[in-house]
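This report goes through selected features of one protein model. Please have the sequence and coordinates open while reading.

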Amino acid sequence: MTSETKPSLDPSGTARVALVGEPSLSPSLVEHAAALDLAEGELALGLELARFLSPSIDAPRRRAFVGLVAALRLAETRGSTRLPLAGGALDESLDALGLGDDERALASSLVAELATWAPVVGRPGMRVPLVVDDGALASARLFVLETRVAEAVRARLAVSTEVPPALDEALADVLARSPKGVVLSEAQRAAVRSAALGRLALVSGEPGTGKTSIVVSMLRVLVRLGVNPEHVALAAPTGKAADRMRGSIARALEAIEDPSDEDRALRASVPASQTLHRLLGYSPSTGRWRHHERNPLGQRVILVDESSMIGVALVDRLLRAAAPDARVVLLGDAQQLPSVDAGAVFRDLCAALADHPSRPVARLTESYRMSPTDPAGRHVLGVARAMNAGDVEEVVREVRRPASWSRLVGEGVERVEGRDLSALLAAWERLSPSPEEARRAFSRRDGRFDAEGVARLEQRLFGGLERTRILCVTRGRRTGVVALNELAHARHLARGGRERGPRLSAGEPVLVTRNDYERGLYNGDQGLVVLVREGHEAACGAWRCFDAGRETSSRSRSRPWRRGSSSRTRSPCTRRRAPSTTASRSCFPTSRCRCSPASCSTRR
């Protein structure tokens, strides 16, 4: 067989495609999908389903079917649970994959010709992998999940609850004993009341609109109404968000100057925060969930932060596991990017229930982080709200446009056009902390940095790191995470006079990619690689250093460590020492944490 006729590798089986003649993925479709971070394996779904189609369907229509299924998968990765069979959403997905008239023709005729595409495509309720409903194509699994979530929401909203006689008194007492400087707006008070009244409440607000203050106020009101703190569950889709949630609540409770007995009881037993998977008892080894409708959660109140990140499958699991009389409170930002998994549930519920008689949705619009009275805050806030509103003219008018990357100031919202990635990284390096600071060895004794080291970390390194980030749209492609991180790493080594070096060297930012509960690190935590010298030893080792100013729960396999400790593991160049009970940063040898380079990361 010559090189011209040799078949390329195919997800459906190269030999089967060559011998049987089944449809294969076109190189154009694979190329377009790769540019959108849609793996070839995702495209194989259409090929597998095409095997069960009637033999009467010719090859061109089979290829069109494969393309339409690929468009459905693309829509799901963008947060949708279905693909409209006509209109702009269909055109957008098909154009992104380089598909055209054949797929559009199939989409327009699919409803009228459902019998032709049996047993692969059918109506809801039929035992088929794909269903057509209300002019859209969807996977049967997601259709069932979406239907089940809608039924669960209706059931919760149908429960009529009486206003607790002590609600107004409890809320007034909470407001009178608020931490210094904290004043709840009318929208925030309405959100607190909705959590105390109904079986389902949704609180939507942009970053900085006071959602954390609301959570604290909700807990304080509920405790005054007789809810035991042990019967409250705090959860979030990621470990980092869950850890941040609990730390914020603990600090807010400590800031109460005149706590009541209920506040003291809540402060003494702040509910544990955890990921949704942990709360629901998911077992990765078996793929099963401990809690469901036949074994519901025991908590009376379930508060979930960052709910806009949760897909329809996990929301379905949560609502099925929550007891019928439990209060479920979802907090998030309805205008945030869609969830990683299919289904923008939080956004859709906020829109659908906005005018519901029970008023389960509270929207927070006042920003406490970016004040309209401050020019810088007003600029960022104005651009963000114009983008959310789709006001292109306002965005163009407000966004600053430096002539080149070298003139980037790093303030407000700026836009620079250009394809020179080296110039982009040079601008980022100019605004980032100097790597020379990280290459100067830090001294640690008995697990603690000295005062000078703490100041260097806080002011010169982490302060600069928190100032700048590079966010990529995709992981692949020339402008994706992988390529830019490799280029940034090469530039970092070159500035140190080296062409080759370790995967991570001093001065480079890192990102935790897997939860590490023993060290109190979570997926998404960010840090820096620094050189650390222990005690009076001359040898140094490369360590990853993370912000430990938040509440952490660092433990050793051999013995528990106190909260806030600087977790420590054995390193070839240091002696093992007992950890300190107070530290401002947590450091670990570079070989001990599951991390990846983090000069650039995706939007998710």
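The sections below cover a sheet, the helices packed on it, a helix pair and a pocket.

The model is predicted. Four strands make up an open sheet with mixed pairing, in the order β1-β4-β3-β2. The edge positions are held by β1 (83-84) and β2 (121-122), each with a single partner strand, so one side of each has no neighbour in the sheet.

Strands β3 (residues 130-133) and β4 (residues 136-139) are paired in the antiparallel sense through four bridges. Within this part of the sheet, alanine 136 of β4 is the bridge partner of aspartate 133.

## Helices on the sheet

Helix α4 (residues 59-77) packs on the sheet and touches β1, β2, β3 and β4. The direction of α4 makes about 75° with that of β4. Helix α7 also packs on the sheet, where it touches β3 and β4, and its direction is at about 95° to that of β4.

## Helix pair α5 and α6

The axes of α5 (residues 88-96) and α6 (residues 101-109) come within 10 Å and cross at roughly 150°. The crossing is right-handed. On the α5 side the contact involves Leu90, Asp91, Leu94 and Asp95, and on the α6 side Glu103, Arg104 and Ala107. Three of these residues are nonpolar and four are charged, with no polar ones.

## Second largest pocket

The second largest pocket holds about 410 Å³ of space. Its lining has 19 residues, with Glu146, Val149, Ala150, Asp348 and Leu349 nearest the centre. By type, the lining consists of ten nonpolar, five polar and four charged residues.

Helices α7 (140-158) and α15 (345-352) each supply at least two lining residues. The most come from α7, which gives six.

Key. Residues are numbered from 1 along each chain as its sequence is written. This is a predicted model: local features need pLDDT of at least 70, side-chain atom pairs count only at pLDDT 80 or more; totals for chains, interfaces and linings use all residues. Side-chain values use heavy atoms; hydrogens and water are left out. On a 1 Å grid over the protein atoms alone, a cavity is a set of points where a 1.4 Å probe fits but cannot get out, and a pocket is an open set with protein on both sides within 12 Å along at least five of seven lines; lining residues have an atom within 4 Å of a point. Grid points are joined across faces, edges and corners, and a volume is the space filled by probe spheres set on the points. Ala, Val, Leu, Ile, Met, Phe, Trp, Tyr, Cys and Pro count as nonpolar, Asp, Glu, Lys and Arg as charged, and the others, Gly among them, as polar. Axes are lines fitted to C-alpha atoms, for helices over the stretch in contact, and angles run from 0 to 180 degrees between N-to-C directions. A crossing is left-handed if the near helix is turned anticlockwise from the far one by less than a right angle, and right-handed if clockwise. Contact means heavy atoms within 4.5 Å. Two strands pair if DSSP finds at least two bridges between them.
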